[in-house]
There are 2 protein chains.
Amino acid sequence: MPKIEYPDAVIELVQELKALPGVGPRSAERIAIWLLQHPKASPATLSEALLKAKAEVQACETCGFFASNDGCVVCEHPGREPVLCVVEQATDVLPMERSGVFKGKYHCLGGRLSPLDNVTPDDLRIGGLMARLERESIEEVILALGADVEGEATSNYLADLLRSRCQVTRLAQGLPAGGGLEHADALTLARAMEGRRGL
Amino acid sequence: MPKIEYPDAVIELVQELKALPGVGPRSAERIAIWLLQHPKASPATLSEALLKAKAEVQACETCGFFASNDGCVVCEHPGREPVLCVVEQATDVLPMERSGVFKGKYHCLGGRLSPLDNVTPDDLRIGGLMARLERESIEEVILALGADVEGEATSNYLADLLRSRCQVTRLAQGLPAGGGLEHADALTLARAMEGRRGL
């Protein structure tokens, strides 16, 4: 007796959904069936949104944030302060922006130095960063990279490169807001102690 | 200063993804960014798979399982035994089939009786079930509905309707395979005791 299975088109859809991050085989099946059966599901609209996003969105050539065909909302705004915040990923811009304390421009590296993964300075948008410092009048570069080994290595590399051209700073390390001492690891406490400020 | 946000096309894609079952706002954003940035992502293929599945897959008119344009793999197979397994949803067919103990045909009701949700017998594929019993020579109808209140109510309703036409049975209730007594609730134990079998 032949094995009963979903029609091929359903199996193909499940395969595609399974490739998405955070979607396992069971979720993929559930989503596929929902898309085909649920009255509120609209696979055609999702399909269109995918094509539209792929066609209209690309990385801004200057800063690396997401730009539409109309241009980049960050780079094209004239009122931003002449301070450059260097982040690892384009997705780091919005969290920084939501904090509300930074009014300057951004530069997304597209990653961080990681010799083990064969990520060298040539793989990051460092050339573009140097070109911006030549072209734009930047007073300060704030390195807002991760506080892990690779983020620190990238920060140190960039600081050596940029120190002669403009002021270079990095984000403070210390206790996270709302976190008590009992949840802080030894390294975080050491950094918080080193970076203590007068009151 | 205007608020920095993702381009509209990204926001629209996130909206569509957020509507999928089990995908929250953060997962939706993560999936959208992954689709746009990751070298392995292929939004066009996913888009095509969605349209293809929507166009090619519909419910089989006879049994309610998923049928492609080529027909229904269950109904069109001549070797299946003249026993009909009634399940709630089309998605219940594959788990039953994977158990390997059933070689007959299926009938998917498309739900279960639930007066509180305004689901009446007219909303289920019961007319189609009666028509099949007239048309096909069925020796036994196995009610494989859920063991909850609504599943039981639906089973009882169908049993009353079908008892005069053919043999009607239902799935056994009792301890799940691999489950110990300490994990079984009182009702499950009561059902297991009632349904005990000679050794």
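This is a predicted model: local features need pLDDT of at least 70, side-chain atom pairs count only at pLDDT 80 or more; totals for chains, interfaces and linings use all residues.
Between chain A and chain B, 3 residue pairs are in polar contact, with both residues at pLDDT 80 or more, a polar contact being a pair of N or O atoms within 3.5 Å where, within protein, one must be able to donate a hydrogen and the other to accept it, and where residues adjacent in sequence count only if both atoms are side-chain atoms. On the side of chain A that touches chain B, at least two residues each come from helix 1 (8-18), helix 2 (25-37), helix 3 (43-56), strand 2 (66-67) and helix 4 (93-99) of chain A, these being DSSP runs numbered from the N terminus, with helices (H or I) of at least four residues and strands (E) of at least two. Helix 3 of chain A supplies the largest share of that side, 12 residues.

Residues are numbered from 1 along each chain as its sequence is written, chains are lettered from A in the order in which they are written, and side-chain values use heavy atoms, leaving out hydrogens and water.

As for the contact as a whole, meaning heavy atoms within 4.5 Å, chain A gives 56 residues and chain B gives 56 residues. The rule finds 2 salt bridges across this interface, a salt bridge being a side-chain nitrogen of Lys or Arg within 4 Å of a carboxyl oxygen of Asp or Glu. The side chains of A:K52 and B:E12 meet in a salt bridge, at 2.8 Å from N to O.
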